[in-house]
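I opened my notebook to look up a few things in this structure. Here is what I wrote down, in the order I went through it.

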Amino acid sequence: MQGGLENFRHRWVGGLTDFNSIALLTWLLQRLLAKFTLAVVFVVLFLSFNPVKAELDSTNPVIRIGITPVILFQKSQFLQKWKLYLETQLKHSIEFVQQDSYGKITTLLLRGELDFAWICGYPYVQHQAQLELLAVPLYEGKPLYHSYLIVSSRDTKTGSFHELKDKVFAYSDPDSNSGYLYAQYRLKKAKLNPTLFFKKTFYTWQHKNTIEAVAVGLADAGIIDSYIWETMKRQKDPLIAKTRIAEKSKKFGFPPIVSTKYTPAHLKRKLQSILLAMSSNIQGKYLLHQLNIDGFTKGNHDLYDDILQMHLFIKANNHVSS
Amino acid sequence: MFLRDLSFRVKLPLCMITASIITAIVAIITVSSQYYASSKNSHIKHNQELGNLMHNMLARSLNHDDVWHAYSLLRGRVSALTPKHTLVVFNNQQTVFASNRPNLFPTGMHISNFDTTSTSLHIGLKEILGIQKSHNLFLDHKLLSSVPLQSDDIVIGYLVIVESYTLLTELLHRISQQAFFAILITIGILTPIAWVWGKNIVRPLLNLESCILRIGKEPLRNIECLVPDDRDEIGRLSTHFHNMLIDLKKTAELEKQIIRSDRIAAVGTLAAGVAHEINNPLAGMIVSVDNFKQYCNSPDCTQRQDAHAAVDLVERGLAQIRQTVSALLVNVNINDKPVSHKAIEDVHKLVLAKSNTKAIDFEWENEFHDNIAIPSTPIRQILINLLLNAIHATEKQGKVACHIRTEKGNLLLSVKNNGKSIDEKHMEHLFEPFFSNSSVGSGLGLWVTYQLVKNLKGNIEVQSGHKMTIFDVVIPATDRGTK
């Protein structure tokens, strides 16, 4: 029940002064043609000012959705807006839960302390039995992304992993596919011991931190999520200019939103439909635009077979030394 | 020296300005060095505090080998400003663990590699790590502070904080700039004030100076000086001068009075003397005439002898009066014939008898053979007077010498005697009328001689001492003009 009253207040106040409406207006004015503006504005205002009655489900607890650094979640304003959107759609109060690492979120998820979570493909394949795909984001039209090997922009020579001997290397998270698994796989495939190959390795715990580490020279190279890199580039983040993509991996399944076996079925269905419908309404589109994704799709576990394969390879070759 | 000649109107402002500049500079130096010293301390404290604040988190990160967290802690909030501090965490193998400037201090670099990078910062860090405890080091406008990172009681690494110190020199530079302008303004304010003040001090001195200058140029009684009331040195000086002026005026008055009375006294003395001299024979003469009348009242005048004696007395008295009066009216007869050898020899004869009565050894040297255009009578008179005096002064069987000669056209007379010397007191008044150190004589002899010599435009000098008295007379033969 925590936040119920607060949510109610938010809905009423939000309609009048909240950044939500103003931002929406601005975005709409930018996007739509002049002759539709007035009509659209009217519609938007109607929608915004539509006070939804607080149908708080007092019998169920708050829906907890875990968020990991698969997205640039420092933009907490975005999360507030999204929360509002989802609550409006779900007619249920929601809480986004953030933790320091993928692992912690995964743990909470597996224990049933989270109803849903947006995680990486790697923990999904590791715990596929207990987790269920809810929705997969569509990035550039497809539910796929890459892993990027990045170096400093001053390093114009490095083109691959095996050129990074005795360098300082930055991983994003030990449970990240694009931020860890892929590098491990590549090195082990080349019969190199990742522990001994590099001079020093460390985790930055967020993809954008890896970018910063490489940009400032804290690490000579790093491995990150391509979606994050491209989104930061779109936002004209100055750190991007200080890095260079040395190598792009093949495509992998995009980090999905999953649910657990503990999650109530009706909630799963509801949230899934809401997520899938986001691309068909204005507010949803606006939020998706903020996320730099095109929408959500149901998805299939086949998408993550490549990741699973890498995972199994690593497990099998854990004792390999260079 | 030029500086000493400057007016007080310039000296005073100069002094004040110099003093204030020196004071200002001393104050600035004192304050600045104090500030510098305290600033140093506060910087050290600040660094140490910063280290203490970060210690726990950094120690934890170092322990867990969490490079990123250490870096994010050192980096702090991401802002557009470049960091003022350089922070480097070392493990206890003296290898860089993390730094907020990874381009300078990359993770994994050992301090042995610092020499190759040759910045003073690297050298400084190497030095400070060499001291294996909490230490502070000033190097090249930077403050380096090392803080040991401890997990429980063992040191697992070090945090080195480098703070730029150039801010201080900038601040000092700004202080001195401000000070410079402050000094300029002070000078601007002080100069007119000091100028006026100097003028005020100088004014009584200038008045005094102008007063002093008037002494000697104007009669004293016309000089009046305004005296200020001040009790300072210049005031007292003015007061003393004023008093001195009064005294001078009084003295001048007194002198005038003395001179006047002296003159009167002298005239009086002369007149009295003359009167006395005239009076003396006069009394005798009156008595004689009376006697004569008495003696010659009888028809046969049997007391003729007495009558004649009386008349003789009168005659003598009159002669004396004439002599006295004529001595007073010293006159030179221009028709007098020029002096000759013979004239002078006559004088010798005249006085010889007198000297013989006293058995005096009379030495006579007359080298005068020329005919100089000097009247004879006064020369003879001078000689006679001097010789008679000399003879009179000499004891029996004494010696008198007389030498007459010419030199460079001048007539030189020299009369010597070895009688009792003239003492100093008498020397002063020697040529004064009616002054005599003998009971005999009118006391006019030398006075007459003096007047005669002066009338001939000559000079007379006397030396006396050790039983030797010499009178020297020089008479020039040049054209004396008419009297």
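Predicted model: local features only at pLDDT ≥ 70, side-chain atom pairs only at ≥ 80, totals over all residues.

**The interface of chains B and A**

I began with salt bridges, and the rule finds 2 across the interface of chain B and chain A; a salt bridge here is a side-chain nitrogen of Lys or Arg within 4 Å of a carboxyl oxygen of Asp or Glu. I looked up the pair A:Glu212 and B:Arg75, which form a salt bridge with their closest N and O atoms 2.7 Å apart.

Residues are numbered from 1 along each chain as its sequence is written, chains are lettered from A and ligands numbered from 1 in the order in which they are written, and side-chain values use heavy atoms, with hydrogens and water left out.

Next I checked polar contacts, and the rule finds 4 residue pairs across the interface of chain B and chain A, both residues at pLDDT 80 or more. A polar contact is a pair of N or O atoms within 3.5 Å; within protein, one must be able to donate a hydrogen and the other to accept it, and residues adjacent in sequence count only if both atoms are side-chain atoms.

Which elements of chain B each supply at least two residues of the side that touches chain A? I found α3 (67-75) and β2 (96-99); helices (H or I, at least four residues) and strands (E, at least two) are DSSP runs, numbered from the N terminus. The largest share, 5 residues, comes from α3(B).

I also noted the extent: the contact (heavy atoms within 4.5 Å) takes 14 residues from chain B and 14 residues from chain A.

**A:Asp302**

I then turned to A:Asp302, in the loop between β13 (295-297) and α13 (305-316) of chain A. Is A:Asp302 buried, exposed or partly exposed? It counts as partly exposed because its relative accessibility is 44%; buried means under 20% relative accessible area, exposed over 50%, and partly exposed in between (1.4 Å probe, protein chains only). Its side chain has a polar contact of 3.5 Å with that of A:His301.

**Strand β7(A)**

My last stop was β7 (residues 168-171) of chain A, where A:Val168 and A:Ala170 point one way, A:Phe169 and A:Tyr171 point the other way, and all are buried. I saw that β7(A) runs parallel to β8 (residues 200-203) of chain A, joined by 4 bridges, with A:Tyr171 opposite A:Tyr203.

Conventions:
Pairing = 2+ DSSP bridges.
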